[in-house]
Amino acid sequence: QVQLVESGGGLVQAGGSLRLSCAVSGRTFSNFAMGWFRQAPGKEREFVAAITLRGNFATSADSVKGRFTISRDNAKNTVYLQMNSLKPEDTAVYYCAAYRGLFIIATIQMPRSYDYWGQGTQVTVSS
């Protein structure tokens, strides 16, 4: 089975930084593209960033471009989301997800495309 466990969330002031981690179980990590999504109360789950299985290409939502960076370390079976210059509107539960399909922009931005999900980690940005 594939399991994803997020960590690194917390409370931070606006302008601060956090680094989220997602540890993936098993030896199948390198077979998945990975994504980060977030969901605020009462809102739909929103795409944040994604990275190919080898880490050679990454993309992110316009709302976080220049502030958030996704990366992965296949040797550690871990994907990261470095979040800088945080804003109150970044407040949400952040989810890590794994995708077995082709890395197509329109596809990897859709939550329904992903095969496995973590439990989420809360990020709260105060003003």
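**Entry 1: salt bridges.** I kept in mind that this is a predicted model. I searched the whole structure and got five salt bridges.

**Entry 2: Arg67 and Asp90.** I looked up this pair and found their side chains in a salt bridge, 2.7 Å from N to O. The two residues sit 23 apart and link distant parts of the chain: Arg67 is in the loop between strand S6 (58–60) and S7, while Asp90 is in the loop between S8 and S9. Shared partners put Arg67 and Asp90 in one salt-bridge network with Arg38 and Glu46.

**Entry 3: Arg38 and Glu46.** Here I read 3.0 Å, N to O, for the salt bridge between the side chains. Arg38 is buried at 6% relative accessible area, whereas Glu46 is partly exposed at 33%.

**Entry 4: Lys65 and Asp62.** I found a salt bridge here as well, with the closest N and O atoms 3.4 Å apart. Lys65 is partly exposed at 46%, and Asp62 is exposed at 66%.

**Entry 5: positive phi.** Which value did I get for phi of Asn77? It is near 55 degrees, positive although the residue is not glycine. Asn77 lies in the loop between strand S7 (68–73) and strand S8 (78–83) and is partly exposed at 22%. Ser85, also not a glycine, has a positive phi near 50 degrees. I placed Ser85 in the loop between S8 and strand S9 (92–99), partly exposed at 39%.

Key. Residues numbered from 1 in each chain as written. Predicted model: local features only at pLDDT ≥ 70, side-chain atom pairs only at ≥ 80, totals over all residues. Heavy atoms only, no water. Helix = DSSP H or I, 4+ residues; strand = E, 2+ residues; numbered from the N terminus. Buried < 20%, exposed > 50% of the residue type's maximum accessible area, 1.4 Å probe, protein only. Salt bridge = Lys/Arg side-chain N within 4 Å of Asp/Glu carboxyl O.
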